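Biologist: I would like to learn how to read a fold from its coordinates. Could you take me through one, feature by feature?

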Amino acid sequence: MLAELSTRSVVRRCALPGAVGLALLAAGLPTAAADGTGPDLSRFYAQKVSWSRCKGADMPSDLQCGKVTVPLDYTRPKAGTLDLALARYTSTARKKRGSVVLNFGGPGGAGVSELAADGEDFMDLTNEYDVVSFDPRGVGRSSPVSCGDGSDEAAAVLDDNADLGEPRALLRELKKAADECARHSGPVLPHIGTVNAARDMDVIRQALGDRKLNYLGFSYGTRLGAVYAAQFPKKVGRLVLDGVDTLTEPMSEQGVAGAEGQQTALDDFIAYCVKDVACPFGQDERDARDQVVQLVNSLDENPVPTDFGQEFTGQDLVGAIGQALYSKSLWPSLERALSQLVEDGDTRGVMNFASGGAGWAVREESDGGLVDEDQVPLDNLPAALMAINCADDPDRPGARRITEDLAALRAEYQQASPVFGRYRLTELLMCYGRPRGTAYIRDQVRDVHTAKMLLVGTRGDPATPYRWTVETAKRLGSSAVVLDNKGEGHTGYGSSKCVHQKVDDFLMYGSLPPDGSSCGPEEDDG
């Protein structure tokens, strides 16, 4: 499952998004699709998906691909369109229930490639449904955003040796990086964000021929599902949110919580690693923790070259480690990759975590149509993650707070995690230069009047703490039913047989567990 933190390498070279001078949608929400008022969207709601076998050597033979077209700007539907990439495994049922739509998280995760890679985890659902996923706007093949190569200087301002008495230098570099992101991303950038993605999902629902949306969202996908429920409460079918995101905490608070959770997961990994004589950090746990910090600092000071012609920094390593920590099943591979890096200077293993094995691509400016897979930029996931998170947060720090509080912010994040603190703080500061984010999620996504929905929270989740499940359920109101997974790792569906079964039972048969019921801890079988 994709997670809250970016999985593509390169905070430093590509994920400093911004769109100075570009306007976001106002906090108010157009209601044309929901109640027939506002701009005419009928041509988008009249389309049907034309399916065909997915192209590409790595695509499963039974995976079908298609697309839907959505307005670039829902307030001005004649001002341009976007195509969104879809994929599905067809139902084996003689009389299927319709479709269940999946979102794997991120934000910025491409659903088509993820469904192609991990579709076997969802094959039971084909007993009742077509299993569908999609690349949201700005993601994957759907007009992917990018920040190019212009963000090195901005991230370097946060170097541990930086003069914090000159925060205006950081603001200048962030402004330059924002301009690069706007230039590389094209017209989709000011229209990216969860509010529009949920509107898109309702167009997808109609194009699939479903009266209501059946949905399974992981991590960030829970935010998307909750926003959909608030926008289209009468269109909610069976909806599951696993690894529940916060709807209220600003990015500044999310970043600290995320750094703390990842540091705990890293400490658990180190305790695992030092029991093995092959651990590259030796067999002393405290010394191993210090060595990880030293390795990150060393790579920040002296990056090493990669096969892609780019340099690999300590912050790239932090992003890669963060991705590998989401499941214990990845820990043996992480240990081997770190051994290759420490002993041989070989970055290929850790870059597989950082990039998902993808190569670098330079994207031509999109006209709104789907781009080829090999034209999706390597930095698309972090660039999209930042664009979406910034668009969703109206409370991120502005120039005054950054100028006055930079040293205090860095100290707070460093205390949360000596490894992940700087990385998380950089994510927060990279929103500088963007228009104010929408307040819709914070203010309007509450007390939804929908069919019952299932929220799964995992006690040992390093990315989405269990308290977010409880808080979000309370905000959503009586429709929310909580399943308490007492296991470890990010999300429960892929690691807990109990959670997997209860989610499937709800989606396929409508059988809900009692609110507050639990699944006990299980070993992650990978």
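Modeller: We will go from the whole chain to the sheet, then to helices and aromatic rings. This is a predicted model, so local features need pLDDT of at least 70, side-chain atom pairs count only at pLDDT 80 or more, and totals for chains, interfaces and linings use all residues. Residues are numbered from 1 along each chain as its sequence is written, and side-chain values use heavy atoms, with hydrogens and water left out.

Biologist: How many helices and strands does the protein have?

Modeller: The protein has 19 helices and twelve strands. Both are DSSP runs numbered from the N terminus, helices being H or I with at least four residues and strands E with at least two.

Biologist: What share of the residues is buried?

Modeller: Buried means under 20% relative accessible area, exposed means over 50%, and partly exposed lies in between, with a 1.4 Å probe and protein chains only. By that rule, 60% of the 526 residues are buried. The protein exposes about 20,400 Å², with 46% supplied by carbon and sulfur atoms; accessible areas come from the Shrake-Rupley method with a 1.4 Å probe, and for residues only the protein chains shown count as cover. As for contacts (heavy atoms within 4.5 Å), 78% of those with a separation of 6 or more join residues 24 or more positions apart.

Biologist: On to the sheet. What is the order of its strands?

Modeller: Strands of a sheet pair through backbone hydrogen bonds, either parallel or antiparallel. Here, two strands pair if DSSP finds at least two bridges between them. The open sheet has ten strands in the order β1-β2-β3-β5-β4-β6-β7-β10-β11-β12, with mixed pairing. Its edge strands are β1 (52–53) and β12 (517–519), each of which pairs on one side only.

Biologist: Which helix packs on the sheet and touches β4, β5 and β6?

Modeller: That is helix α8 (residues 220–231), which also touches β7 (236–242) and β10 (453–460), and its direction makes about 150° with that of β6. Axes are lines fitted to C-alpha atoms, for helices over the stretch in contact, and angles run from 0 to 180 degrees between N-to-C directions. Helix α18 (residues 466–476) lies across β7, β10 and β11 (480–488), at about 155° to β10.

Biologist: How does β5 pair with β3 and β4?

Modeller: Strand β3 (residues 81–89) is antiparallel to β5 over four bridges, and Arg-88 has Val-132 of β5 as its bridge partner. Strand β4 (residues 98–103) runs parallel to β5 over five bridges, where Leu-102 stands opposite Ser-133. On to β6 (residues 213–218): four bridges join this strand to β4 in the parallel sense, and Leu-102 has Leu-216 as its bridge partner there.

Biologist: Why is β5 largely enclosed by the rest of the structure?

Modeller: Six of the six residues of β5 (residues 129–134) are buried, so the strand is largely enclosed. Tyr-129, Val-131 and Ser-133 point one way, Asp-130, Val-132 and Phe-134 the other way, and all are buried.

Biologist: And the helices: how many residues of α11 are buried?

Modeller: In helix α11 (residues 314–324), eleven of its eleven residues are buried.

Biologist: Is Asp-392 buried or exposed?

Modeller: Asp-392, in helix α14 (residues 380–392), is buried at 9% relative accessibility. Leaving aside neighbours within four places in sequence, its contacts include Gly-193, Tyr-220 and Arg-223.

Biologist: Last, how many aromatic pairs are there?

Modeller: A pair of aromatic rings is described by the distance of the centres and the angle of the planes. Rings of Phe, Tyr and Trp (its six-membered ring) pair if their centres lie within 6.5 Å; planes under 30 degrees apart count as stacked, over 60 as edge-to-face and the rest as tilted. The whole structure has nine aromatic pairs. Tyr-228 and Phe-232 are a tilted pair, with centres 5.0 Å apart and planes at 35°; Tyr-228 is buried at 0% relative accessible area, and Phe-232 is buried at 4%.
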